[in-house]
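Hello,

Here is the structure for you to look over. My notes follow below it.

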Amino acid sequence: MPFEENDGRGKDRPVLVVAREPGGTLLAVQLSSKRHDGDREWVAIGSGPWDKSGRDSWVAVDRVLRLHEDGMRREACAIDQMRFNLVRHRLHERYGWT
């Protein structure tokens, strides 16, 4: 998704898609390589092929984004089930999702 600053940098903000809604929209949470140690609003998922530099990543669970698949510019990769379950568990704690 585009950066909120809308400053013309053309850089996309990485997200992790966590669900597909019946109408076809996607629910996603923001990914960041900025450290968020000890912040319950962020889930550490480590490093993986989604970051070419091999940096550790964090997922923000305090804001869920609704996206249209047509608005997504590219797909990086899928995360493994263990990491996805960490995010899913925190979303369940915060929002009661099943």
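What share of the contacts in the protein chain with a separation of 6 or more comes from residues 24 or more positions apart? The figure is 54%. Please bear in mind that this is a predicted model.

First, the overall layout. The protein chain has five strands and one helix. Along the sequence the pattern is β-β-β-β-β-α. There are 98 residues in the protein chain, and 34% of them are buried. The exposed surface comes to about 6800 Å², with 48% of that supplied by carbon and sulfur atoms.

Next, the core. The largest nonpolar core holds 13 residues. Leu16, Val18, Val29, Ile45, Val59, Val87 and Leu91 are the members that touch the most others in it. At least two residues of this core come from each of β1 (15–20), β2 (26–32), β3 (42–46) and α1 (81–95). The top contributor is β2, which gives three residues. As a general point, nonpolar side chains in soluble globular proteins tend to be buried together.

Val29 is worth a look on its own. Leaving out residues up to four places away in sequence, Val29 touches Pro14, Val15, Leu16, Val18, Val59, Ala60, Arg63, Val64, Val87 and Leu91.

Then there is β4. This strand spans residues 57–60 and includes Ser57. Which residues point one way from β4, and which the other? Ser57 and Val59 take one side, Trp58 and Ala60 the other. All four are buried. In a regular strand, side chains alternate between the two faces of the sheet.

Why does Ser57 count as buried? Its relative accessible area is 4%, and the cut-off for buried is under 20%. The neighbours of Ser57, again not counting residues up to four places away in sequence, are Leu31, Ser32, Val43, Ala44, Ile45, Gly46 and Trp50.

Finally, the pairing around β4. Strands β2 and β4 run antiparallel and are joined by two bridges. Strands β3 and β4 also run antiparallel, with four bridges between them. Trp58 figures in both pairings: Trp58 is the bridge partner of Ser32, and Trp58 stands opposite Ala44.

Best wishes

Terms used. Residues are numbered from 1 along each chain as its sequence is written. This is a predicted model: local features need pLDDT of at least 70, side-chain atom pairs count only at pLDDT 80 or more; totals for chains, interfaces and linings use all residues. Side-chain values use heavy atoms; hydrogens and water are left out. A nonpolar core is a set of buried Ala, Val, Leu, Ile, Met, Phe, Trp, Tyr and Cys residues joined through side-chain atoms within 4.5 Å. Buried means under 20% relative accessible area, exposed over 50%, partly exposed in between (1.4 Å probe, protein chains only). Contact means heavy atoms within 4.5 Å. Accessible areas come from the Shrake-Rupley method with a 1.4 Å probe; for residues, only the protein chains shown count as cover. Two strands pair if DSSP finds at least two bridges between them.
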